[in-house]
Amino acid sequence: MATLAQRISETPIAPYLQLLNEMTVEQKQIVVMYITEQIERSARQMSAEEEIREKYKGLRVSPEIHRLRGCIKLNEEDLADERTQYILRK
């Protein structure tokens with residue numbers, strides 16, 4: 001417990017430890033539920049790169065774009081690029 005107390009005192013919440021000690025059990029449970037929810041939300045959040053990859057995972061290039069291949073040179077690597085897919089979708 002002493003090790004845990006030392007680690008907590010090194011966090012940004014350290015100034016609030018006295019306030020925490022003065023709280024009721026019900027108030028402490030509310031705080032713990034809030035912190036738990038925030039941890040779960042942070043774990044669920046994807047990075048921007050992962051969000052883009054997930055969003056365009058099933059994207060297929062339209063036949064109209066394939067017909068334009070004579071006007072713009074797109075190889076398979078270009079067609080697979082997420083940024084190119086985003087531009088072609090606009």
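The questions and answers below concern a predicted model.

Visitor: What percentage of the residues of the protein count as buried?
Guide: A residue counts as buried when its relative accessible area is under 20%. The protein has 90 residues, and the share that counts as buried is 9%.

Visitor: Which residues make the nonpolar surface patch of about 470 Å²?
Guide: One of its members is Ile 8, found in helix α1 (residues 2-9). Ile 8 has a relative accessibility of 32%, and a patch residue must have over 30%, so Ile 8 passes that cut-off. The complete patch consists of Leu 4, Ile 8, Ile 13, Tyr 16 and Leu 19.

Visitor: Is Ile 8 buried, partly exposed or exposed?
Guide: The place of Ile 8 is in helix α1. Not counting residues up to four places away in sequence, Ile 8 touches Ile 13, Ala 14 and Leu 17. Its relative accessible area is 32%; because this lies between the limits of 20% and 50%, Ile 8 is partly exposed.

Visitor: Which helix supplies the largest share of the lining of the largest pocket?
Guide: The largest pocket has a volume of about 220 Å³. The pocket is lined by Ile 8, Ile 13, Leu 17, Leu 20, Asn 21, Lys 28, Val 31, Val 32 and Ile 35. Both α2 (17-21) and α3 supply at least two residues of this lining. The largest share, four residues, comes from α3.

Visitor: How many salt bridges does a search of the whole structure find?
Guide: Glu 37 pairs with Arg 41, Glu 82 with Arg 53, and Asp 81 with Arg 83. The search finds a total of three.

Visitor: Where do Glu 37 and Arg 41 lie?
Guide: In this salt bridge the closest N and O atoms are 3.1 Å apart. Glu 37 is partly exposed, with a relative accessible area of 41%, and Arg 41 is partly exposed at 35%. The two residues are four residues apart, about one turn of the helix, and both lie in helix α3 (residues 25-44).

Visitor: Which residue forms a salt bridge with Glu 82, and how many residues apart are the two?
Guide: The partner of Glu 82 is Arg 53, with the closest N and O atoms 3.3 Å apart. The pair links distant parts of the chain, since Glu 82 is in helix α7 (residues 82-89) and Arg 53 is in helix α4 (residues 48-55). Glu 82 is partly exposed at 24% relative accessibility, and Arg 53 is partly exposed at 42%. The partner is thus Arg 53, and the separation is 29 residues.

Visitor: Is Thr 84 buried or exposed?
Guide: Thr 84 has its place in helix α7. Not counting residues up to four places away in sequence, Thr 84 touches Leu 74 and Asp 78. Its relative accessible area is 18%; because this is under 20%, Thr 84 is buried.

Conventions: Residues numbered from 1 in each chain as written. Predicted model: local features only at pLDDT ≥ 70, side-chain atom pairs only at ≥ 80, totals over all residues. Heavy atoms only, no water. Salt bridge = Lys/Arg side-chain N within 4 Å of Asp/Glu carboxyl O. Buried < 20%, exposed > 50% of the residue type's maximum accessible area, 1.4 Å probe, protein only. Patch = residues over 30% accessible without salt bridge, like charges linked within 9 Å, V, L, I, M, F, W, Y side chains within 5 Å. Areas by Shrake-Rupley, 256 points an atom, 1.4 Å probe, with all protein chains shown as cover. Contact = heavy atoms within 4.5 Å. 1 Å grid on protein atoms, 1.4 Å probe; cavity = no way out; pocket = protein on both sides within 12 Å on 5 of 7 lines; lining within 4 Å. Points joined across faces, edges and corners; volume = space filled by probe spheres on them.
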